[in-house]
Amino acid sequence: MPVTRCDAPGTAGSIEIASDGSLVHIRESDDPTTVVTTTRAKLHAWISGAKAGEFDHFVA
């Protein structure tokens with residue numbers, strides 16, 4: 001299963017994303033035992049919502 005690493009500038013760890021058919025597995029490199037699993041469709045909907053500002057009130 002190919003893994004993509006997303007390193008954020010100024011942080012110690014990175015996010016690792018792996019795809020297994022219709023499922024997507026996400027974990028932090030600093031804590032590889034905790035894995036979030038979701039579907040491609042749900043991840044796409046979440047990313048689209050984040051880009052549209054739907055979650056901005058959580059950090060404002």
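Me: Buried means under 20% relative accessible area, exposed means over 50%, and partly exposed is anything in between (1.4 Å probe, protein chains only). So is Phe55 buried, exposed or partly exposed?
Reply: Bear in mind that this is a predicted model: local features need pLDDT of at least 70, side-chain atom pairs count only at pLDDT 80 or more, and totals for chains, interfaces and linings use all residues. Residues are numbered from 1 along each chain as its sequence is written, and side-chain values use heavy atoms, with hydrogens and water left out. With a relative accessible area of 30%, Phe55 counts as partly exposed.

Me: In what order do the elements of the protein chain run from the N terminus on?
Reply: Helices (H or I, at least four residues) and strands (E, at least two) are DSSP runs, numbered from the N terminus. The protein chain has one helix and four strands. From the N terminus on, they run β-β-β-β-α.

Me: Which residue is the bridge partner of Ala18 in S3?
Reply: Two strands pair if DSSP finds at least two bridges between them. Strands S2 (residues 14–20) and S3 (residues 23–28) run antiparallel and are joined by six bridges. One of the S3 partners is Val24, which goes with Ser19. For Ala18, the partner in S3 is His25.

Me: And which residue is the bridge partner of His25 in S4?
Reply: S3 is also joined to S4 by six bridges, and these two strands run antiparallel. A hairpin of two residues links S3 to S4. On the S4 side, His25 has as its bridge partner Thr37.

Me: Which residue in the hairpin of S2 and S3 takes a positive phi?
Reply: That hairpin has two residues between the strands. Ser22 is found in the loop there, but the positive phi, near 70 degrees, belongs to Gly21.

Me: How far apart in space are Ser29 and Ser14, C-alpha to C-alpha?
Reply: Ser29 lies in the loop between S3 and S4. Its relative accessible area is 24%, so Ser29 is partly exposed. In sequence, Ser29 and Ser14 are 15 residues apart, and their C-alpha to C-alpha distance is 5.4 Å.

Me: Where does Thr38 lie, and which residues does it touch, not counting residues up to four places away in sequence?
Reply: Thr38 lies in strand S4 (residues 31–39). At 18% relative accessibility, it counts as buried. Contact means heavy atoms within 4.5 Å, and leaving out residues up to four places away in sequence, Thr38 touches Ser22, Leu23, Val24 and Leu43.

Me: Which residues does Ser22 touch, with the sequence neighbours up to four places away not counting?
Reply: Ser22 and Ala41 are 19 residues apart in sequence, and 8.4 Å apart in space, C-alpha to C-alpha. As for contacts, Ser22 touches Thr38, Thr39 and Arg40.

Me: What is the N to O distance in the salt bridge of Glu16 and Arg27?
Reply: A salt bridge is a side-chain nitrogen of Lys or Arg within 4 Å of a carboxyl oxygen of Asp or Glu, and a search of the whole structure finds one. Glu16 lies in strand S2 and Arg27 in strand S3, so the pair ties together parts that are eleven residues apart in sequence. Glu16 counts as buried at 9% relative accessibility, while Arg27, at 33%, counts as partly exposed. Their N to O distance is 2.6 Å.

Me: How far apart are the end C-alpha atoms of helix H1?
Reply: The expected span of a helix is 1.5 Å times one less than its number of residues. For the twelve residues of H1 (residues 40–51) that gives 16 Å, and the model agrees. After H1 comes Gly53, with a positive phi near 85 degrees. The end C-alpha atoms of H1 are apart by 16 Å.

Me: How are the rings of Trp46 and Phe55 arranged?
Reply: Rings of Phe, Tyr and Trp (its six-membered ring) pair if their centres lie within 6.5 Å; planes under 30 degrees apart count as stacked, over 60 as edge-to-face and the rest as tilted. A search of the whole structure finds one aromatic pair. The rings of Trp46 and Phe55 have centres 5.8 Å apart and planes at 25 degrees, so the pair is stacked.
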